[in-house]
Amino acid sequence: MGCTTCKKKKPVTKLDPIIEETITFSPEQVKLAYELLGGIKEEERPFVNDVYKSVFNENFDWGCKACVNIQAKKLRAYIEEELKLMV
C-alpha cells in the first residue's frame, strides 16, 4: 500500500506563518539541511528532520519519495521567500 498523503491533489498556497520563537537553527543551517537532501545519507536524516520540524512543526516523511519531494520544495520556498537566501 502506497502513501495516501501525497496522492491527494492540493492547490499551491502561500506558506503558513512561522512562529519565530520556535526556530532554533540559523539560516545557514536551514540552507545546509536543504542542500543535504540532494544526496542524503542515513546519518544526516536526523539533522534534516530536526531543522524541518523546527520550521514547520512536522516530521520529514522519509518513507515516501513523493512526500520527500513535496517537503523539499516547501523547505526551498521557505529559504527563498522567508530567509531571502538563494539555493
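Helices here are DSSP runs of H or I at least four residues long, and strands are runs of E at least two long, numbered from the N terminus. Counted that way, the protein has three helices and zero strands. Keep in mind that this is a predicted model. Reading from the N terminus, the elements go α-α-α.

**The overall picture**
- The protein has 87 residues, and buried ones make up 31% of them.
- Take the contacts between residues at least 6 apart in sequence: 49% of these join residues at least 24 apart.

**The nonpolar core**
- In soluble globular proteins, nonpolar side chains tend to be buried together.
- Here, the largest nonpolar core has 17 residues. The members that touch the most others are V30, Y34, L37, F56 and L75.
- What does Y34 touch, once its neighbours within four places in sequence are left aside? Its contacts are A72, L75, R76, I79 and V87.

**Where α2 meets α3**
- The axes of α2 and α3 come within 11 Å of each other, crossing at roughly 65°.
- As for handedness, the α2 and α3 crossing is left-handed.
- On the α2 side, the contact is made by Y52, V55 and F56, while α3 brings Q71, K74, L75 and Y78.
- Sorted by class, that contact has five nonpolar residues, one polar and one charged.

**A buried asparagine**
- N49 sits in helix α2.
- Is N49 buried or exposed? N49 counts as buried because its relative accessibility is 15%, and the cut-off for buried is under 20%.
- Setting aside residues up to four places away in sequence, N49 is in touch with N59, F60 and W62.

**The cysteines**
- C64 has 10% relative accessibility, so it counts as buried.
- C67 comes in at 6% relative accessibility, so C67 is buried too.
- A disulfide is a covalent bond between the sulfur atoms of two cysteines.
- How many disulfides does a search of the whole structure find? The search turns up zero.

Key. Residues numbered from 1 in each chain as written. Predicted model: local features only at pLDDT ≥ 70, side-chain atom pairs only at ≥ 80, totals over all residues. Heavy atoms only, no water. Core = buried A, V, L, I, M, F, W, Y, C linked by side-chain atoms within 4.5 Å. Buried < 20%, exposed > 50% of the residue type's maximum accessible area, 1.4 Å probe, protein only. Contact = heavy atoms within 4.5 Å. Disulfide = S-S within 2.5 Å. Axes fitted to C-alpha atoms, helices over the stretch in contact; angles between N-to-C directions. Left-handed = near helix turned anticlockwise from the far one by under 90°. Nonpolar A, V, L, I, M, F, W, Y, C, P; charged D, E, K, R; others polar.
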